[in-house]
Amino acid sequence: MCEKCKGNFYITTPIYYPSSKLHIGHTYCTVATDAMARYKRLQGYNVMFLTGTDEHGQKIEDKARESGVTPQEFVDNIVMGERGVLDLWKLMNISNDRFIRTTDDYHVESIQKIFKMMYDNGDIYKGTYKGKYCKPCESFWTESQLVDGKCPDCGREVQDAEEEAYFFRLSKYADRVQDLLENTDFLEPRSRVNEMVNNFIKPGLEDLCVSRTSFTWGVPVDFDPGHVVYVWIDALFNYMTALGYQNDRHNELSQFWPADVHFVGKEIVRFHSIIWPAMLMSLNLPLPKKVFGHGWLLLDGGKMSKSKGNVVDPYILAERFGVDALRFFLLRSFPFGSDGNFSNEVLISTINTDLANDLGNLVSRTIAMAQKYFGEHLPAQQAENPEMDAELLAMVSDLRGKYEEQMEHFAFQNALAEIFKVISRANKYIDENAPWVLAKSEENKPRLAKVLYNLLETIRICAGLLKPFMPDTADEIGRRLGNPRMDWDSLGIFGVLPAEAAPVAGPVLFPRIDMEKELKELEELTKPQKTEPELPLAEAKPDIAFDEFEKVDMTVVKVLTCEKVKKSEKLLKFTLDDGTGEPRTILSGIAKYYQPEQLVGKTLVAVTNLAPRKMMGQLSCGMLLSAERGDQLHLLMLDDAIPAGSRLV
């Protein structure tokens, strides 16, 4: 560690679950985390900023099947494809030091070891899960936790689930977790503590289902084939596996763990403040220092959601208004711990008021006057006027301390408010001192020089403190000031800018936006677009008599095994349980759309009284039902609770 380094700082944002494209709500948390990481680097800390993607689970498997690709291909496209996760983080100037994917081989290796460690110490045991399951949230719930019979997090329908599973003894740690929440500052804001304790712990903390057998897309339990690790063990331990816990890929665990802060959305506070510390307690590992649960960006009073069709595309906003303006708006307009109501009107108003009128105007006016009245640089001879200068200089001198106090409490909105109080005061200082009047007399030139110097030095300090929020804008302002010092120490001292400063002009930083015109154009750009072309319906077949239809025997079957047929690009060979006690073999031409391992354990429908026929030299006894649209085939899958041998009637 360098001599000037203040120490290590580890900050994380939740790893994004890539079941669909990102929207501005996802961007909000990552931008906030980035601002905090940049702030700590500015202070002199050795920072590790982790983000990534949580890529396992039933929803991913289902969406991949619907898309006709493998789960790995599905997540690869969303993470690394055009306008994917990595593209968006690059666009938004996210300065993460590491990016983890839960499909990374080293992470999979670590999770298998972690699961076995908790199994060996008795905190994971085998049983049968029966309860309510929310597929979109990958969450299990008890009846008492449901709200109006629906998932308490997302409000969607839940389904009955029953399967063999492993459980984590979460109840064993209920008292310790409650003590952690109530008697420390582990979880903030404080309102989240009451919610966790009253809604989840006091009603009785039940053991947690931590494996699944009804799908295959997950980290395999290596000592019990057929089970995959429940997504929240897989996802939560990324914070440690990314540093090298139980793997040889990285080696920073001793340097950065425990984490200084996890930034998480309020919908996953339960996992991070109850399940996560309990698991760490199980393994006698240090707990993170803090979990901070921020609010949501709301649109028309509701959470942004692709399924609701009310998402806001960050690409459109960044391309029209600039990345720094969008980053600034997200953290200037909403208290980080509370929900915030997003609207394009508020975005444009914030840009016009704070960035165009206040910051941009201050920079442009000051530099233009310096060049107009003094040419290349200010003169060394400058005249102070304590009565006129005192208030501005006092505010600037106190700014770093006030800003730091707010940043340490993750109050980004308040930290920015402190900066803009000074910027507003500087604009007022221009009017009070009237440089255009001072410029009329040679006698007043020393005073004019001092006024402009005070303004330029104010801009330097404000720009330096804005850098965590608007890195490119801060750099550009620094360039226009002649690249003066803008390190943390210098931002606490007034007078670092050389007296004979030589500022240079540049384009307007933030042009004013015509609100009415821009809103109309945004409305056109954000109209719902059809994401898929309309596909022709299959040609209808001739009517048949009902007694003919009754001859078709459609039976519920369970997939016992599935494998590719050698020398065939189309066929998969299924061994099925049809309820008769004898396995049934069916060959189906769907190899293009599914990987064999995806289908083991699935519940399908087969026509079982179809005359057997040979395909590629093998006998196929029946036909699996599937749906066709365009060039896509989708197997008809049923609820796994329906037993093999049931008839469709």
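How are H2 and H3 oriented to each other? I began my notebook with this question, and I keep in mind throughout that the model is predicted.

**Entry 1: two helix pairs**

I looked up helix H2 (residues 58–67) and helix H3 (residues 71–80), and found that their axes come within 8 Å and cross at roughly 95°. Since angles of 65 to 115 degrees count as roughly perpendicular, H2 and H3 are therefore roughly perpendicular to each other. On the H2 side the contact is made by Ile60, Glu61, Lys63, Ala64 and Ser67, and on the H3 side by Pro71, Phe74 and Val75.

I then turned to helix H12 (residues 314–321) and helix H13 (residues 323–332), which pack at an angle of about 115° with their axes 6 Å apart. Here H12 contributes Pro314, Leu317, Ala318 and Phe321, while H13 contributes Val323, Ala325 and Leu326. The residues of the contact of H12 with H13 divide into seven nonpolar, no polar and no charged.

**Entry 2: nonpolar cores**

Which residues touch the most other members of the largest nonpolar core? I noted Phe263, Phe412 and Ile419, in a core that has 107 residues.

**Entry 3: strands**

I checked strand S1 (residues 7–12) next, and five of its six residues are buried, so S1 is largely enclosed by the rest of the structure. S1 runs parallel to strand S2 (residues 45–53), to which six bridges join it, and Tyr10 stands opposite Met48 in S2. S1 is also parallel to strand S11 (residues 261–265), with two bridges between them, and there Thr12 stands opposite His262.

Elsewhere I traced an open sheet of five strands, paired in the antiparallel sense, in the order S18-S17-S16-S19-S22. Why is one side of S18 and of S22 left without a neighbour in the sheet? Strand S18 (583–588) and strand S22 (623–624) stand at the edges and each has a single partner strand, so one side of each has no neighbour there. For S22, I looked up its pairing with strand S19 (residues 603–607), which is antiparallel over two bridges, and saw that Ala606 stands opposite Leu624.

**Entry 4: backbone details**

I wrote down first that most residues other than glycine have a negative phi, and that most peptide bonds are trans. The bond from Glu188 to Pro189 is cis, with omega near -10°, and Pro189 is found in the loop between strand S7 (187–188) and helix H7 (190–201). A cis peptide bond also joins Trp257 and Pro258, with omega about 10°, and Pro258 is in the loop between helix H10 (253–256) and S11.

Asp148 is not a glycine, yet its phi is positive, near 55°; I found Asp148 in the loop between strand S5 (139–141) and strand S6 (159–168). Is Asp148 buried or exposed? Because exposed means over 50% relative accessible area, Asp148 counts as exposed at 75%. Asn284 has a positive phi of about 55° and lies in the loop between helix H11 (269–282) and strand S12 (291–294). With a relative accessible area of 71%, Asn284 is exposed.

Conventions:
Residues numbered from 1 in each chain as written. Predicted model: local features only at pLDDT ≥ 70, side-chain atom pairs only at ≥ 80, totals over all residues. Heavy atoms only, no water. Core = buried A, V, L, I, M, F, W, Y, C linked by side-chain atoms within 4.5 Å. Buried < 20%, exposed > 50% of the residue type's maximum accessible area, 1.4 Å probe, protein only. Axes fitted to C-alpha atoms, helices over the stretch in contact; angles between N-to-C directions. Helix = DSSP H or I, 4+ residues; strand = E, 2+ residues; numbered from the N terminus. Contact = heavy atoms within 4.5 Å. Nonpolar A, V, L, I, M, F, W, Y, C, P; charged D, E, K, R; others polar. Pairing = 2+ DSSP bridges. Parallel < 35°, antiparallel > 145°, perpendicular 65-115°, else oblique.
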